[in-house]
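Here are my notes for you to read beside the model. Keep the 3D view open and click along as you go.

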Amino acid sequence: MNRPKNYRALPFLMGIMLLFSLVLSACSSDNKNAASTPDSGKKAEATPKASPSGSGGAGAGDDKNMSGTVNMWYWDSGFYKPAQEAFNKLYPNIKLNFVQVAAADYVKKVQTSVAAGSELPDIVFGEINARGSLYSLNILDDLTKAPYNFDQSQLLDYVIPQTMNDKGELVSLEWAVSPGGFAYKRNLAKQYFGTDDPDQLSAMFPDWDTFIAKGKEVKEKSNGKVSMIAGLVDAYTTLYPQDATPIIKGTEVNSTEFLTVLKKVQAIRDAGIDQKLDMWSPTWNASYTKDDVIFYPAANWSPKYVIKANDKDSNGRWGIMVPPAGGFSYGGTSLGITKSSKNKDAAWTFLKWYYTTKEGQEVNKTSLDYYVPMKSVFTDSANLSTGADAYFGGQDLGLFWNTKVLPTLKSKPVTKYDNDIYNASTLVAQTMMKDKTFTAETGLEKWKQELKRNHPELTFK
């Protein structure tokens, strides 16, 4: 699903907490199920058809009798089961063969297959922190070129950098938008800020300096018992993607830019407004039911897979707001067609159906509460409403994510270093949280060392 693989409460992205129990699913998967078909390892064959047509807003394809087998490696049956059923009503002769591969093992399995010259699936899935490594293998087709001719201007602007390789080729399509905000406990917000209204709270915290100042007030009023945020990895998870400035271009690392992020994390630590909980840990999960933390980073997959999973008995206690400095992209999964695929017609027919037809878009919305990132989906706000959610105090989360957060999103281009960036960054944030003498500058040097260990080619400016 659209969750970071670490979301599994393991190590941005979706096993410790294996909720997506995924997330991700946000990072996180439904890894308990067996592979969908016993013949998944056999060579797929498809009846030759005309080249796939371009995307536009038209139907997925003209030939409803097209036949073939589309092999996909993925980790979550929550996506593919409803997709299979709906797609096969229109294309009964195209078999969607999903082979279960754990998110944590995905990149290694693809890399091993490439090195051994083994057959790859027709469609490869890329979790947000891992997809840069997949793109660097040069195994995916450019979907803007023949035979696909997809018009990328149909996509929401913020997802495009996340679906391009370093050559500027659009090699995948984002499964769904993954807007990030702040989940908060309404009772605590009312007690310490005088309101639990999400719009009023967003206006109250326009930037991180204000957030820190208010946090100090909460700390004083609660005698140190209530914190603004659970821990420094939570803070980093929000801060890092809020700025679209690339951290790495080629092999050159923008150390100054990353130091800016670490200084904000240190400021939160020094103000004493975090609860010093490791993200995805059992104590972090348990804090959702307690009254000692107010805010948590949350994606559109978090209400189902994190908040309700950890705080089952609440009703009306939670709200979600735009965080200080705006929303952020949180998690995500992309789908691309391999260059070696012998079933490109059928694979593209599926992707085109999923992204450009009302039937495909509706599967995403009704089965998962997700929205594909096509601009056409967001032209009518009435279609974005999911109705009042009593668990969230009557808030319409569909309208919130799609009208309040999406317009503020930016994203960094993906790189093959992203997973190591995340791992090094969380290590630094965890160390900073536990050691008050560990500064942003010290953290930067540690971060550089961690990246250099696996990537000696990197240079730092």
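**Notes on the model**

1. Start with a cavity. The second largest cavity is lined by Trp75, Ala103, Tyr106, Val107, Phe125, Glu127 and Ala130. Two elements, α2 (106-116) and β3 (123-127), each give two or more residues to that lining. The space inside is about 30 Å³. On a 1 Å grid over the protein atoms alone, a cavity is a set of points where a 1.4 Å probe fits but cannot get out, and lining residues have an atom within 4 Å of a point. By class, the lining has six nonpolar, no polar and one charged residues.

2. Now some housekeeping. This is a predicted model, where local features need pLDDT of at least 70 and side-chain atom pairs count only at pLDDT 80 or more, while totals for chains, interfaces and linings use all residues. Residues are numbered from 1 along each chain as its sequence is written, and side-chain values use heavy atoms, leaving out hydrogens and water.

3. How confident is the predictor? pLDDT is its confidence in each residue, from 0 to 100. The chain averages 87, and 86% of the residues score at least 70. Over residues 1-61, though, the pLDDT is below 50, and this stretch has 274 contacts in the model beyond near neighbours in sequence (contact means heavy atoms within 4.5 Å). Where pLDDT is low, the predicted coordinates should not be read in detail.

4. Next, look at strand β9 (residues 293-299). Seven of its seven residues are buried, so β9 is largely enclosed by the rest of the structure (buried means under 20% relative accessible area, with a 1.4 Å probe and protein chains only). Strand β5 (residues 179-185) runs antiparallel to β9, joined by five bridges, and Gly180 has Ala299 as its bridge partner. Strand β6 (residues 227-229) pairs with β9 in the parallel sense over two bridges, with Ser227 opposite Val293. Strands here are DSSP runs of E, at least two residues, and helices are runs of H or I, at least four; two strands pair if DSSP finds at least two bridges between them.

5. There is also an open sheet of three strands, in the order β7-β8-β13, with mixed pairing. Its edge strands are β7 (248-249) and β13 (459-460), each pairing on one side only. β7 and β8 (residues 252-253) are antiparallel over two bridges, and Ile248 stands opposite Val253.

6. Last, is Leu368 buried or exposed? Leu368 is buried, at a relative accessible area of 9%, and belongs to helix α12 (residues 358-368). Leu368 and Asn300 are 68 residues apart in sequence and 10.0 Å apart in space, C-alpha to C-alpha.

Definitions and conventions:
Buried < 20%, exposed > 50% of the residue type's maximum accessible area, 1.4 Å probe, protein only. 1 Å grid on protein atoms, 1.4 Å probe; cavity = no way out; pocket = protein on both sides within 12 Å on 5 of 7 lines; lining within 4 Å. Points joined across faces, edges and corners; volume = space filled by probe spheres on them. Nonpolar A, V, L, I, M, F, W, Y, C, P; charged D, E, K, R; others polar. pLDDT = per-residue confidence, 0-100.
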